[in-house]
Amino acid sequence: MKTQQFDAVVIGAGAAGMAAARTVASRGHSAVLVDREGDLGGILLQCIHNGFGLHRYGEELTGPEFSSRLERELRQAGVPFMGETTVLSIEPNPGEGIFSLLLSSGRGIERLRCRSVILAMGSRERNRGNVRIPGDRPAGVFTAGLAQRLMNIEGYLPGKRAVIVGSGDIGLIMARRLTLSGIEVQAVIELMSYPSGLARNITQCLEDFGIPLYLSHATTRIVGRNRVEGIEIAPIEEGSVRYDRCRSIPCDTVLLSVGLVPENELSSRAGVPLNPVTNGPLVDSRLMTGVPGIFACGNVLHIHDLVDRVAEEAERAGSSCADWLDAADSGRTGGEASADIPLSAGKNVRYTVPSSLSPSREGTVLFRSMVSLDRAAVTLTQGDRVLYTKRVPWVRPAEMQRLDIPAGILESAGSGTCFLALEDGEAKR
Ligand SMILES: Cc1cc2nc3c(=O)[nH]c(=O)nc-3n(C[C@H](O)[C@H](O)[C@H](O)COP(=O)(O)OP(=O)(O)OC[C@H]3O[C@@H](n4cnc5c(N)ncnc54)[C@H](O)[C@@H]3O)c2cc1C
């Protein structure tokens, strides 16, 4: 069996993998990028709408345009790409500081040996089984991302009259895409009392096309013998589904946009501990997982709304990985348990990434709110002490928030867990 050796292997060649691999290589370490698909770009390749890159490049790009910018940066750094190659397993060898990866491709089974691994395997869509929609099992039920791939890459139309279940960004973008292709979009149905997608997508993909959004509605049945004939929905009032007020919507196609799940089977099998809230690896302030030498970034770590944030996070993971390799080269281990202070989600916060903060460096925390607040206050506390507070104009569950904690804030903190919480900013005034 053929075996090659690199300083870092990056698994997944989407936005996260490309940005991470380029960063490691630009620091003088050998890196290779591996993807089961033949092309670089990951999910970006099927996102032909614009709206990518406003933060990173200051322009509105399509997914493939954003991808080709990252690809150019990657090529300049001279990172080799192993396409159509699936990583089957990651075996850590703790004593030697070497990982052994098993790969499968048209060339057969191969091994890669490396000193560090960056996980960038992205996510997969939740499907009908995951959300347990009762009813018949006809043809015509797709996940929104699959329908997007069928239309934008394979050139097929999924149907003529569609209903979208779930108001996640992919579903909203597909509502517009279907409408522009002549498919009648009857409605978008959302279980929660608020949309799961970005506000800009509600405006640009639904309101601009007159597509109704039913909030606080359950999808109670899919109907159809061979092909979908319709769905039944019912309002939710005071926490109960009002089956007595069920109504039918005729359609031949149902698209499910009910969330993404980080793709972590490989990580779990390698012994990487996962966060039960995000389903992504638990990481410290360096974005290093619980297995020393394995880093994570992008949708495999937690689900992002903006690719700009994915690329930025991946550069931080790549840079930490390069620090780790530098430390090993100079005889420092770099990989012992870090002196980080644990960080947990407090009031109104669903999760934080990372799960710990370095007392000696500035820190970036990405987090999601559980509530919608205008003029909120983000607070970092330890015991009774408020270590840091920042006011933000608003928070929404659908939009990831970022908090930059200046260097020095944690220098005087103890070793106890810090909590990140959201307070109503109005109440604090
Ligand atoms: C439909 C959709 C619309 C979006 N719209 C916008 C938008 O308008 N604006 C915006 O800023 N952001 C948008 N986003 C968000 C953003 O594009 C994504 O968050 C980002 O591209 C994810 O990048 P990633 O590298 O983490 O994952 P991915 O792009 O999913 O890449 C993961 C890669 O890992 C590979 N892989 C997985 N497992 C293995 C394995 N075992 N071996 C080898 N390879 C493996 C996969 O083949 C894949 O190529 C959208 C996302 C989606 C899904």
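Colleague: In this predicted model, what is the handedness of the crossing where α4 passes α5?

Modeller: Left-handed. The near helix is turned anticlockwise from the far one by less than a right angle.

Colleague: What makes α4 and α5 oblique to each other?

Modeller: The axes of α4 (residues 144-154) and α5 (residues 169-180) cross at roughly 40 degrees. Roughly parallel needs an angle under 35 degrees, and roughly perpendicular starts at 65. The pair is therefore oblique. The two axes come within 9 Å.

Colleague: Which residues make the contact?

Modeller: From α4, Ala 144, Gly 145, Ala 147, Gln 148 and Met 151. From α5, Ile 170, Gly 171, Met 174 and Arg 177. By class that is 5 nonpolar, 3 polar and 1 charged.

Colleague: How do you know where the ligand lies relative to domain 1 and domain 2?

Modeller: Both domain 1 (3-124 + 261-337) and domain 2 (127-258) give residues to the shell, so the ligand lies between them. The shell has 36 residues, and the closest are Gly 12, Gly 14, Gly 42, Gly 122 and Gly 298. Elements supplying at least two shell residues each include α1, α4 and α5.

Conventions. Residues numbered from 1 in each chain as written. Predicted model: local features only at pLDDT ≥ 70, side-chain atom pairs only at ≥ 80, totals over all residues. Axes fitted to C-alpha atoms, helices over the stretch in contact; angles between N-to-C directions. Helix = DSSP H or I, 4+ residues; strand = E, 2+ residues; numbered from the N terminus. Parallel < 35°, antiparallel > 145°, perpendicular 65-115°, else oblique. Contact = placed C-beta atoms within 7 Å. Nonpolar A, V, L, I, M, F, W, Y, C, P; charged D, E, K, R; others polar. Near = placed C-beta within 6 Å. Domains from an automatic or database assignment.
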